[in-house]
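This briefing is intended to be read alongside the sequence and the model. Please keep both in view while working through the points.

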Amino acid sequence: MIDLKDITVTFKNKASTVHAVQDVSLQVEAGDTYGIVGYSGAGKSTLVRVINYLQKPTSGTAIVNGQALGKLDKDQLWVARRKIGMIFQHFNLMNSRTIAGNIEYPLRYSKLTKAGRAKKVQELLALVGLSDKADAYPAQLSGGQKQRVGIARALANDPEILLCDEATSALDPKTTGEIIDLLKRLNQQLHITIVFITHEMSAVKSLCNHVAVMEDGKIVERGALLDIFSNPQQALTRDFINTATQLDTALAEVRKQPAVINLPANARLVHLSYTGASTDQPLIAGLYQQYGITANILYGNIEFLQDVPVGNLIVILTGDTTKLPTAFSQLRDQGVTVTLLDPKGDAVD
Ligand SMILES: Nc1ncnc2c1ncn2[C@@H]1O[C@H](COP(=O)(O)OP(=O)(O)OP(=O)(O)O)[C@@H](O)[C@H]1O
């Protein structure tokens with residue numbers, strides 16, 4: 001559905017040159033919910049705006065739904081863009097128009113009759129759960145409701161792609177959850193492809209099936225959500241995941257425990273992370289039975305990502321130090337990611 005090839009975007013002015021996106025390639029399949037995560041300034045917005053050519057790349061090609069956007073003339077681009085909806089952090093609603101008026105606005109050039117447009121607006125209002133707000137004005141709505149209007153407006157021309165630029169970043173956690181549930185439902189019900197850019201991995205975790213992590217204009221890691229969560233390769237990705245799973249907060253608390261402060265020489269502080277099939281195995285009991293290694297669980301969390309259980313444990317493993325490395329290897333063979341933690345500082349392995 002989306003094929004970005006070697007995209008570079010450079011902003012130049014008299015004083016400086018900014019390499020906002022540097023040689024990025026990205027493929028998004030039809031029906032994907034693709035998250036792009038990065039801190040402010042990483043280049044996410046610039047990259048996503050290339051997908052609808054609001055941002056023309058300095059070099060590289062953007063092929064969307066089989067069409068190379070750079071080869072289209074103005075009218076063709078206008079038609080192509082109608083199939084790409086977009087929603088924004090601050091909703092960008094027109095305050096002087098009613099909710100129905102805002103949603104109808106993108107239909108002003110459609111072939112629908114006046115009655116047809118009104119019917120479409122009613123359907124869109126129902127789809128986002130705002131049928132009773134047709135005649136209200138944006139100022140009378142909560143942030144979550146405003147974003148629902150943004151979504152309805154973005155869907156007016158039945159797009160195949162929905163670009164979400166920090167769409168939940170101005171919302172509280174509960175409202176964020178509701179908007180994400182709505183996006184999930186639209187993805188399933190309408191088979192719309194979603195590209196969701198954010199600095200919050202927790203939103204990606206709930207919504208997306210794929211994720212790319214951006215830093216300094218480049219994608220530093222990408223993959224299926226579960227693969228990334230269970231086995232992140234880059235420190236930046238681990239940072240985002242640890243914040244999303246609240247593992248960093250847990251670890252800070254764990255490090256204050258007497259059992260960790262006074263860690264004996266034959267004990268190790270370890271983070272175990274495992275998904276799917278590994279969760280069926282008696283991992284901790286196995287360590288004791290085979291190696292006489294005991295586990296003191298200081299933190300544990302199992303959650304479901306795309307219906308697959310993902311477990312995170314912080315444990316103290318105590319036993320014969322010559323057997324500990326073999327035990328870790330066995331855990332890794334069982335699909336567990338084993339990270340030795342420094343009791344005082346960061347991950348050391
Ligand atoms: N029109 C522009 N002119 C000059 N520089 C720009 C322009 N748009 C973006 N930039 C710069 O490009 C870099 C990437 O910005 P971009 O908005 O894509 O990042 P981002 O990851 O989306 O961050 P944020 O979440 O803060 O928007 C930044 O250094 C930004 O200042």
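The points below cover the annotated domain, the nonpolar cores, the ligand shell, an antiparallel sheet and selected residues.

The structure is a predicted model, in which local features need pLDDT of at least 70 and side-chain atom pairs count only at pLDDT 80 or more, whereas totals for chains, interfaces and linings use all residues. Residues are numbered from 1 along each chain as its sequence is written.

**Annotated domain**

- An unreviewed UniProt entry places the feature "domain: ABC transporter" at residues 2–241; UniProt positions are given in the numbering used here, feature names are shortened, and annotations may be inferred rather than shown by experiment.
- The span of residues 2–241 is 36% helix and 27% strand, and its end C-alpha atoms lie 26 Å apart. Helices (H or I, at least four residues) and strands (E, at least two) are DSSP runs, numbered from the N terminus.

**Nonpolar cores**

- A nonpolar core is a set of buried Ala, Val, Leu, Ile, Met, Phe, Trp, Tyr and Cys residues joined through C-beta atoms within 7 Å. A residue is buried if 20 or more other C-beta atoms lie within 10 Å of its own, exposed if 12 or fewer, and partly exposed in between, with C-beta atoms placed from the backbone.
- The largest core comprises 69 residues, and those with the most contacts inside it are Ile36, Ile51, Ile103, Leu163, Cys164, Val195 and Phe196. Strand β2 (residues 17–28) supplies the largest share of this core, five residues.
- Another core, of 20 residues, lies apart from it and includes Ala267, Leu287, Ile293 and Ile314.
- Beyond its neighbours within four places in sequence, Ile103 is in contact (C-beta atoms, placed from the backbone, within 7 Å) with Val121, Leu124, Leu125, Val149, Ala152, Arg153 and Ala156.

**Antiparallel sheet**

- Four strands form an open sheet in the order β12-β13-β11-β14, with antiparallel pairing; two strands pair if DSSP finds at least two bridges between them.
- The edge strands, β12 (294–305) and β14 (337–341), each pair on one side only.
- Strands β12 and β13 (residues 308–318) pair over 11 bridges, and Phe304 stands opposite Pro309 in β13.
- Helix α10 (residues 247–254) packs on the sheet, touching β12 and β13, and its direction makes about 15 degrees with that of β13. Axes are lines fitted to C-alpha atoms, for helices over the stretch in contact, and angles run from 0 to 180 degrees between N-to-C directions.
- Helix α13 (residues 324–333) lies across β11 (267–275), β13 and β14, running at about 145 degrees to β14.

**Selected residues**

- Glu166, in the loop between β7 (161–165) and α6 (173–190), has a phi near 50 degrees, a positive value in a residue other than glycine. Glu166 is buried because 20 other C-beta atoms lie within 10 Å.
- Asp216, in the loop between β9 (210–215) and β10 (218–224), also has a positive phi, near 50 degrees. Asp216 counts as partly exposed because it has 14 C-beta neighbours inside 10 Å.

Terms used
Two residues are in contact if their C-beta atoms, placed from the backbone, lie within 7 Å. A residue is near a molecule or strand if its C-beta atom, placed from the backbone, lies within 6 Å of it.
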